[in-house]
Amino acid sequence: MPHTLVVDGRPREVDVSGLPSLATVLRDQLQLTAAKIACGRGECGACTVLVGGRPTMSCITPAVLVHEPVETSEGLAEESRDLREHFADTGAFQCGFCTPGQVVHACALLRTGLPDDDGARREHVRHALSGNICRCTGYQAIVSSVCAVADERAERATEVAS
Ligand code: FES
Ligand code: FES
């Protein structure tokens, strides 16, 4: 059964016979493999992509029900460059299996803006990313990376405006 997904700005014809998940369609039909299928039941966040700008667990989302634009880790490569650099610099990933989902979710979070207060910001990020489970890192560097990028982007915006 044909279905059109808009993925990273491009209309893509996919086959949704058998009601595959969005994750399966992205990985097996479109060769977009950054989103990982780990638990496969909506518990870990490794398969996170954005649907209509919202972080979405693609392993439990039937592709046939997706009518809003999909953004993948691959499509967010430019937007997430500073975030990925911070992740690499601070050791915010080890095995890296959770990282595409973490980065995609953080992209959406950074678009919304974060609290100014440092403690409130860390708590906000920690809570927002709590559905993206990491078995390796202890989360501290992940949260610090997202907060640092928020600071840097705010500074750059101030410089541009002044
Ligand atoms: S693989 Fe989708 S939530 Fe775990
Ligand atoms: S870096 Fe290994 S699961 Fe997060």
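Modeller: The C-alpha centres of domain 1 and domain 2 lie 23 Å apart. Please note that this is a predicted model.

Biologist: What makes these two stretches domain 1 and domain 2?

Modeller: The domain assignment gives residues 2-71 as domain 1 and 81-161 as domain 2. The bounds come from an automatic or database assignment, so the names follow from that assignment.

Biologist: Which numbers of residues does the contact take from domain 1 and from domain 2?

Modeller: Domain 1 gives 15 residues to the contact and domain 2 gives ten. They count because heavy atoms lie within 4.5 Å.

Biologist: What area do domain 1 and domain 2 bury between them?

Modeller: About 960 Å² is buried between the two domains, with 63% of it on carbon and sulfur atoms. On the side of domain 1, K36, T48 and L50 lose the most area to domain 2, together 35% of what that side buries.

Biologist: Why is the meeting of E71 and R111 called a salt bridge?

Modeller: Their side chains meet at 2.7 Å, N to O. The cut-off for a side-chain nitrogen of Arg and a carboxyl oxygen of Glu is 4 Å, so the pair qualifies. Across the interface of domain 1 and domain 2, the rule finds one salt bridge.

Biologist: How many residue pairs are in polar contact between domain 1 and domain 2?

Modeller: The count is five residue pairs, both residues at pLDDT 80 or more. As for the side of domain 1 that touches domain 2, β3 (48-51) and β4 (54-57) each supply at least two residues. The largest share, three residues, comes from β3.

Conventions
Residues numbered from 1 in each chain as written. Chains lettered and ligands numbered in written order. Predicted model: local features only at pLDDT ≥ 70, side-chain atom pairs only at ≥ 80, totals over all residues. Heavy atoms only, no water. Buried area = accessible area lost by both parts, 1.4 Å probe. Polar contact = N/O pair within 3.5 Å; in protein donor to acceptor, adjacent residues only side chain to side chain. Helix = DSSP H or I, 4+ residues; strand = E, 2+ residues; numbered from the N terminus.
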